[in-house]
Structures are given as C-alpha cells and as structure tokens.
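Here is a short briefing to read alongside the model. Please keep the viewer open as you go.

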Amino acid sequence: QVQLVESGGGLVQAGGSLRLSCAASGRTFNSYAMGWFRQAPGKEREFVASIGWGTYYADSVKGRFTISRDNAKNTVYLQMNSLKPEDTAVYYCAASVRVNRSTRASEFDYWGQGTQVTVSS
C-alpha cells in the first residue's frame with residue numbers, strides 16, 4: 001500500500017508560480033513512476049506530467065511546468081511557472097508500481113487526495 005499526500009496548492013495571480021509537493025510512503029519509492037494529473041470543474045481528469053524512465057509533459061504545460069523527485073525524501077514535486085487561469089484545477093499526485101513510465105491515469109495505482117490550485121486573472 002502506498003499513501004500519497006499532496007501540499008502546496010493555493011491561490012495565485014496569473015503569471016505567478018506555485019510548487020506542489022507529494023510525499024509518498026513505501027520503501028521502494030525510487031522504483032515507482034510518479035505523475036501529476038488535474039481535474040477542473042465539469043471536466044475529466046487529465047494528465048499533466050510524469051517521471052520515471054524519463055519525464056513527460058502535457059502539451060498545455062510544456063515549458064512552464066517541471067516535474068522532479070527526491071528519492072531520499074520520497075517526494076515528487078511539480079514546479080508551476082507562468083500560471084494561467086486555465087490551470088485552475090484540483091491537482092492529484094499518483095504512483096504506479098506496475099510501469100516505469102506512463103501518461104495514462106489507468107496505469108497509476110495509488111492516488112492522493114488532491115490539492116486545489118486557483119489562478120486568478
């Protein structure tokens with residue numbers, strides 16, 4: 001069982017930055033593929049970024065967001081710069097113990113509770 005706890009969400013003006021953190025339990029964290037997904041009101045959950053064997057980004061965040069991990073701290077981060085109102089969503093951290101890289105929500109086994117990010121115009 002892997003538990004994930006996100007933090008770092010909040011309210012920010014357009015053009016601003018936030019850094020999300022996700023602390024994971026588990027003794028083999030460095031073997032997990034980790035991902036960030038988001039869900040805006042009335043929309044389906046969508047892929048944002050993942051890290052495992054490589055890093056992957058949705059086109060909508062490429063060049064603005066950076067995913068990274070600190071295996072010593074069992075933590076994955078999402079640095080979000082140049083935020084836009086359309087980035088407003090609940091952001092979820094996810095872990096996959098089955099695959100080494102993925103952009104598909106169906107391939108992630110464990111999910112955090114989510115953290116709200118609101119970008120005002």
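Rings of Phe, Tyr and Trp (its six-membered ring) count as a pair if their centres lie within 6.5 Å; planes under 30 degrees apart are called stacked, those over 60 edge-to-face, and the rest tilted. With that in hand, ring pairs link Phe37, Phe47, Phe108 and Trp111 into a cluster. This is a predicted model, in which local features need pLDDT of at least 70 and side-chain atom pairs count only at pLDDT 80 or more, while totals for chains, interfaces and linings use all residues. Residues are numbered from 1 along each chain as its sequence is written, and side-chain values use heavy atoms, with hydrogens and water left out.

**Overall build**

- The protein has eleven strands and zero helices (DSSP runs numbered from the N terminus: E of at least two residues for strands, H or I of at least four for helices).
- Read from the N terminus, the order of elements is β-β-β-β-β-β-β-β-β-β-β.
- Along the principal axes, the C-alpha atoms fill a box of roughly 40 × 25 × 25 Å.

**Burial, contacts and surface**

- Of the 121 residues, 42% are buried (under 20% relative accessible area; exposed is over 50% and partly exposed in between, with a 1.4 Å probe and protein chains only).
- Taking contacts between residues at least 6 apart in sequence, 58% join residues at least 24 apart, where contact means heavy atoms within 4.5 Å.
- The protein exposes about 6,300 Å², and carbon and sulfur atoms supply 45% of that area; the areas come from the Shrake-Rupley method with a 1.4 Å probe, and for residues only the protein chains shown count as cover.
- The 13 positive and 9 negative charges have mean positions 5 Å apart. Lys and Arg count as positive and Asp and Glu as negative, leaving out His and the chain ends, and each charge is placed at NZ of Lys, CZ of Arg, CG of Asp or CD of Glu.

**The aromatic cluster**

- The structure holds five aromatic pairs.
- In one of them, the rings of Phe37 and Phe47 have centres 5.7 Å apart and planes at 70°, so this pair is edge-to-face.
- That pair links distant parts of the chain, with Phe37 in strand 4 (residues 33–39) and Phe47 in strand 5 (residues 46–52), ten residues apart.
- Phe37 is buried at a relative accessible area of 1%, and Phe47 is buried at 16%.
- Phe37 also pairs edge-to-face with Phe108, at 5.3 Å centre to centre and 75° between the planes.
- Because Phe37 lies in strand 4 and Phe108 in the loop between strand 9 (89–96) and strand 10 (110–111), this pair ties together parts that are 71 residues apart in sequence.
- Phe108 is buried, as is Phe37.

**Two loop residues with positive phi**

- Asn74 is not a glycine, yet has a positive phi of about 50°; look for Asn74 in the loop between strand 7 (65–70) and strand 8 (75–80).
- Ser82, also a residue other than glycine, has a positive phi near 50° and sits in the loop between strand 8 and strand 9.
- With a relative accessible area of 41%, Ser82 is partly exposed.
- Leaving aside residues up to four places away in sequence, Ser82 touches Gly15, Gly16, Ser17, Arg64 and Asp87.
- Ser82 and Asn100 are 18 residues apart in sequence, and their C-alpha atoms are 29 Å apart in space.
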